[in-house]
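Visitor: I'm new to this one and would like to learn how to read it. Could you walk me through it, feature by feature?

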Amino acid sequence: MLKTIRQTFAPPVFEDEEKTRVASLLNSILWAVIVIGSLYTILAPIFLGQFFSAILTGTIVVAGIIARLLMMRGLVRQASVIILIVFNLVITLSIYISNGTLGASYFSLVLTTVVAGVLLGGRGAYIMAGINTLIGLMFMTFQNSLPETMIPQNPVTYFSSLIVYVFFIAALFQASSRGFDKLLENLRNTQQELTARNEEMHKFAVGLESTVAARTAELDAANNRNERRARQFEAISKISQVISQAQNLEVLLPQVTELISEQFGIYHTGVFLMDVNSEYAVLIAANSAGGQRMLARNHKLRIGQTGIVGYVAGTGLPRIALDTGADAIYFNNPDLPETRSELALPLLHKNEVIGVLDVQSKESNAFTQEDVRTLSTLADQVAIAIENSRLFQEQQRTLHETQAIYSRDLREGWVRFTRSQNAIGIQRRNLKSNLLPEPLELPGAVEAMRSGSAYRRTESDGSSLLTIPVKLREQTVGVLNVRSESGHTWSDDEMDIMSAIVERAALSIENARLLEESRLTADREHAIGEISAKIGTGTQIEDILRIAVQELGMRIGGTQVTVEIGGGE
């Protein structure tokens with residue numbers, strides 16, 4: 001029941017807080033108008049005998065009911081305007097019939113001004129104040145022209161009007177006070193919400209600052225790692241270029257140690273290689289002053305026993321000593337007293353340890369697993385470079401041996417060929433050419449043969465001497481000696497012509513030599529084939545031996561041939 005009554009008298013609530021506040025004030029005013037006006041409408045005729053006044057008050061009550069219906073539908077401003085207009089019209093009419101400015105209703109104009117200010121704000125109050133001022137001025141001006149009083153003015157009338165005004169104003173102030181209390185409560189709630197939100201924002205800001213600081217630290221660390229990796233990759237690129245260009249280990253490995261120390265900021269870098277018996281890891285290259293001293297005394301470590309290098313050489317696994325002074329495997333080296341961290345990486349070729357890359361730093365805990373991965377990549381390239389250099393040196397050695405054998409065979413072949421042809425050379429003098437059965441001591445021949453370039457000299461009689469080496473596939477096989485008349489200067493064209501002619505002559509002689517050797521080889525194989533066929537027809541030892549000696553005697557003239565089987569016992 002009470003809940004129903006409260007809902008009936010409760011003001012409407014809208015999404016707009018200002019509209020809800022005005023509706024709450026208007027609801028209080030309307031209920032005061034309806035309740036007080038209804039009571040006055042009923043009691044005034046009975047106790048005061050004022051029927052016309054009761055009719056006017058009833059009109060206000062009806063207007064209040066209509067205004068409340070409009071307010072409940074959301075038309076708050078329209079309802080406020082309607083109740084003010086009706087209220088002011090009724091009061092104006094009441095003043096007109098109750099002796100104007102001398103009647104009890106004259107001061108009721110104050111009520112509509114106050115209500116207008118409450119419902120419509122300051123502008124509405126000023127508008128209503130202006131209207132009521134004009135109304136009051138008009139009644140004051142025409143006071144003597146007003147009709148006879150329809151509502152008797154006596155103490156009871158004044159008292160009843162006072163009661164209505166007092167309770168109406170009380171209701172108005174109560175509604176305003178409730179509105180202000182609610183406004184203050186809303187302000188307090190808003191302040192509490194703002195305080196709570198400020199605290200949340202402060203906590204969020206603190207958390208955000210912490211998060212930003214943590215993320216910034218993470219980003220800085222990531223940037224530092226990326227910069228370090230970029231520097232490492234750049235260093236690997238530079239070292240790779242050196243590795244790809246150098247083929248001599250004596251040149252390559254010292255450059256690698258210098259570059260690694262320079263690019264990675266490392267105190268000492270050394271490269272160890274296994275000895276022939278795989279008993280020791282021998283220091284081959286180093287960049288530091290201590291490393292140079294170790295190289296001078298042929299520093300080596302026993303594999304699997306001595307130091308980090310020996311451990312890595314024996315196991316084939318990387319090893320980090322973050323504090324070498326406390327590492328049980330670390331071998332205290334007086335040549336490198338400043339070492340505080342050491343990293344040793346195996347140099348692997350086909351899963352076989354061929355050496356160790358040893359890097360040492362003056363800083364404690366200087367190496368990380370990321371350094372191990374980066375330097376392992378570099379160690380793999382160094383291992384490949386070492387094997388490539390070894391293969392290159394072996395190939396160079398094989399090539400030199402092959403060239404030496406080829407040069408020897410070529411010289412021997414030319415000697416045999418020229419002797420078989422009874423022609424060591426040829427000499428042309430005075431339009432006559434003569435074959436040389438024996439070599440001549442030609443001036444400049446030794447110099448041209450040794451240097452592989454032309455030899456020039458001016459003789460005492462003024463003639464010009466020119467000796468050009470005869471080359472075949474970069475091998476000097478003879479010389480061309482030319483003597484000119486007095487005052488002749490050899491031109492570049494003459495030199496080119498003579499060099500081209502003797503090269504082509506040498507190539508043609510080589511072809512003839514090879515052809516002759518091929519013919520002799522074919523004859524020899526043919527003879528061996530025939531003799532073998534004849535020997536193969538014999539079935540008795542006597543027949544086989546007789547055929548063998550006969551064929552050898554026929555093939556090799558002027559010889560005595562003897563074959564003895566199982567002799568000497």
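Visitor: Let's begin with a pair of strands. In which sense do strand S2 (residues 280–286) and S3 pair, and over how many bridges?

Guide: One thing before we start: this is a predicted model. Now, S2 and S3 pair in the antiparallel sense, over three bridges. If you want a spot to look at, find Val-282, which stands opposite Lys-300 in S3.

Visitor: What is the strand order of the sheet?

Guide: Reading across, the order is S3-S2-S1-S6-S5-S4, an open sheet of six strands with antiparallel pairing. Strand S3 (300–302) and strand S4 (319–321) are at the edges, and each has a single partner strand, so one side of each lacks a neighbour in the sheet.

Visitor: Which strands does S1 pair with?

Guide: S6 is one partner: six bridges join S1 to S6, and the two run antiparallel. Along that pairing, Phe-272 has Val-356 in S6 as its bridge partner. S2 is another partner, also antiparallel, over five bridges. There Leu-273 stands opposite Val-282 in S2, and that is the Val-282 that also faces Lys-300 in S3.

Visitor: Is S1 mostly covered or mostly open?

Guide: Mostly covered: seven of its seven residues are buried.

Visitor: Which residues of H9 are buried?

Guide: Here's the general idea for helices: an α-helix has 3.6 residues a turn, so residues three or four places apart point the same way. In H9 the buried residues are Gly-307, Ile-308, Val-309, Gly-310, Val-312 and Ala-313. Their cover includes S1, S2, S3, S4, S5 and S6. After H9 comes Gly-316, with a positive phi near 75°.

Visitor: What about phi in residues that aren't glycine? Which loop holds Ser-278?

Guide: As a rule, most residues other than glycine have a negative phi. Ser-278 has a positive phi of about 55° although it is not a glycine. You'll find Ser-278 in the loop between S1 and S2, a hairpin with five residues between the strands. Ser-278 is partly exposed, at a relative accessible area of 48%. Asn-351 also has a positive phi, near 60°. Asn-351 lies in the loop between S5 and S6 and counts as exposed, at 78% relative accessibility.

Visitor: How many residues are in the largest nonpolar core?

Guide: In soluble globular proteins, nonpolar side chains tend to be buried together. Here the largest nonpolar core has 32 residues, and the ones with the most contacts inside it are Ile-239, Leu-253, Ile-260, Phe-264, Leu-347 and Ile-386. Helix H6 (155–245), helix H7 (249–264), S1, S5, S6 and helix H10 (369–420) each supply at least two residues. H10 gives the largest share, with eight. To see one member up close, pick Phe-264: leaving out residues up to four places away in sequence, it touches Gln-232, Ala-235, Ile-236, Ile-239, Leu-259, Thr-374, Leu-375 and Leu-378. There's also a second, separate core of 31 residues, and Leu-30, Val-33, Leu-56 and Met-128 are among them.

Visitor: And empty space? How many residues line the second largest pocket?

Guide: Rolling a probe the size of a water molecule over the atoms shows where empty space is left. The second largest pocket holds about 310 Å³ of space. Its lining has 15 residues, and Arg-228, Phe-264, Gly-265, Ile-266 and Ala-366 lie nearest its centre. H6, H7 and H10 each supply at least two residues of that lining, and H6 gives the most, with three.

Terms used: Residues are numbered from 1 along each chain as its sequence is written. This is a predicted model: local features need pLDDT of at least 70, side-chain atom pairs count only at pLDDT 80 or more; totals for chains, interfaces and linings use all residues. Side-chain values use heavy atoms; hydrogens and water are left out. Two strands pair if DSSP finds at least two bridges between them. Helices (H or I, at least four residues) and strands (E, at least two) are DSSP runs, numbered from the N terminus. A nonpolar core is a set of buried Ala, Val, Leu, Ile, Met, Phe, Trp, Tyr and Cys residues joined through side-chain atoms within 4.5 Å. Buried means under 20% relative accessible area, exposed over 50%, partly exposed in between (1.4 Å probe, protein chains only). Contact means heavy atoms within 4.5 Å. On a 1 Å grid over the protein atoms alone, a cavity is a set of points where a 1.4 Å probe fits but cannot get out, and a pocket is an open set with protein on both sides within 12 Å along at least five of seven lines; lining residues have an atom within 4 Å of a point. Grid points are joined across faces, edges and corners, and a volume is the space filled by probe spheres set on the points.
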